[in-house]
Amino acid sequence: MKKDRSIQSNQLRAPIAEAMQAYARDGALAFHTPGHKQGLGAHPLLKNLITEEGLREEVSLMEELDDLHEPTMCIREAQELAAELYGADAAYFMINGTSGAIHTMLMAALRPGDTVLVPRNAHRSMIGGIILVGAKPVFIQPEIDERLGIAMGLRLSDIRRAIAEHPEAKALALVYPTYYGVTVDLSAIADELHAHGMLLLVDEAHGPHLKFSDKLPPQAIDAGADMAAQSTHKIVGSLTQTSMLLVKGPRVRAERVRQAASLLQSTSPNQLLLASLDIARLQLAEDGAEKVGRAVKLAEKLRQDINRIDGLWSFGADYLQTEGASGLDLTKVTVSLRELGISGPQAEEVLRHEYKIQCELSDAYNLLFIISYADTEHETAVLLEALKKLSARFSAGERFSVPAKLPAVPELGMTPREAFFAAYEQVPFDRAAGRIAAEQLMFYPPGIPILAPGDRIDPSSLAYIRAMQQLGLKVVGPQDTNLETLKVVKES
């Protein structure tokens, strides 16, 4: 997105931050929450962490600071500015992460009993939202890249097949881009869904920067999505735990979105979090195209340099020429380690503790690095040097391979909500095949469930889980994280 001279000059303001400063400077003696009383009673460690000025402004619910649930002043103005910048009809500030935005999106769009199409590589928050709504998911297997060992996007042909088999479906809840930056032809998917009276709901956690470079895939709202949940904190400049939910078009009722957001969010939102969203939008309005453009150039140069290192490979946009993988967020740099002969977790351990490099995630075969607007040539040069050392250290290894493949979509034994509230029991892990899962099980990051409540557990899923556990990936979700047992629905 090139700088648009027609954008209102108000884009160069930060209404929430201005209101916070005004209240702090007014000098009113605080007989209200929070308990630290604008830093007066704060512990020195807290003062060092947030700063005295930050604590003075860390108040909420004062008349100048507006109400997140029914905004009429600075929060409303800030949200309208965000909507304008992103080209949406409305933007909602979320202070419980993109998980909260996804829950809001599903609660606003669906009703109990509705059928929703979902890619099997959806984030755990998508399953959580389905449980909250009481919807019935129809899982669609994404395209799998065997060389990388990862799930890509959904094929339009598979979506069409799912619609034909489930004409009652109300929406498709899609991941775009994937954690690894892979995209599909979203406009074609949107057209197909809308032709059948369905909504396109997008988990765009990793796409809040797409709007600001014509070298990146289009953002979801511009490609026809009805709602898109973006992690402003993941890629651009707000504080962790802050996100936006963007809405566009006539198919979604704004009042329903507001009600769902109010139901799911705190009645005491942290004003620092809200201000950080406002300031992140300001920063993008000021020079988002320049900053994101620099990140794209750095990532492309890094990718080219990595591909000159023995044993390492980083795929680019030219590699993605299939129905389920046709575009790439270039700022996501995935490094395949298979030819180096080591696993992703093994490489992550060495990089973190010996070379002081922390990746975004490791999986069986790959490392993922995010290049953001904050990076410069210095950071990418340090990373490149560490990867050269890694290659030199393990260059004699044999090609690495995991005996288990990503499992197919399991049979749905009951809805996730039914399984979540059902009576359950713990059974030995190796005897769980054939039972209905009563808990989620994933490896984090990326937080994509291998098992979800309601899944009929099959042997291939158990084999894959055990293989990933033995590689050292972090198990998240089950009550027994040692995986000696699994929680399953109790049989009557």
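Start with strand 14, residues 366–370. 4 of its 5 residues are buried, so the strand is largely enclosed by the rest of the structure. Buried means under 20% relative accessible area, exposed over 50%, partly exposed in between, with a 1.4 Å probe and protein chains only. Strands are DSSP runs of E, at least two residues, numbered from the N terminus.

A word on the source. This is a predicted model: local features need pLDDT of at least 70, side-chain atom pairs count only at pLDDT 80 or more, and totals for chains, interfaces and linings use all residues. Residues are numbered from 1 along each chain as its sequence is written, and side-chain values use heavy atoms, with hydrogens and water left out.

Which strands pair with strand 14? Strand 12, residues 332–336, pairs with it in the antiparallel sense over 5 bridges. Pairing requires at least two DSSP bridges between two strands. Serine 336 stands opposite asparagine 366 of strand 14. Strand 13, residues 361–362, also runs antiparallel to strand 14, joined by 2 bridges. Here leucine 361 faces leucine 368 across the pair. Strands 13 and 14 form a hairpin, with 3 residues between them.

Second stop: glutamine 230, in strand 9, residues 227–230. Glutamine 230 counts as buried because its relative accessibility is 0%. Its side chain makes a polar contact of 3.1 Å with the side chain of glutamate 204. That term means a pair of N or O atoms within 3.5 Å; within protein, one must be able to donate a hydrogen and the other to accept it, and residues adjacent in sequence count only if both atoms are side-chain atoms.
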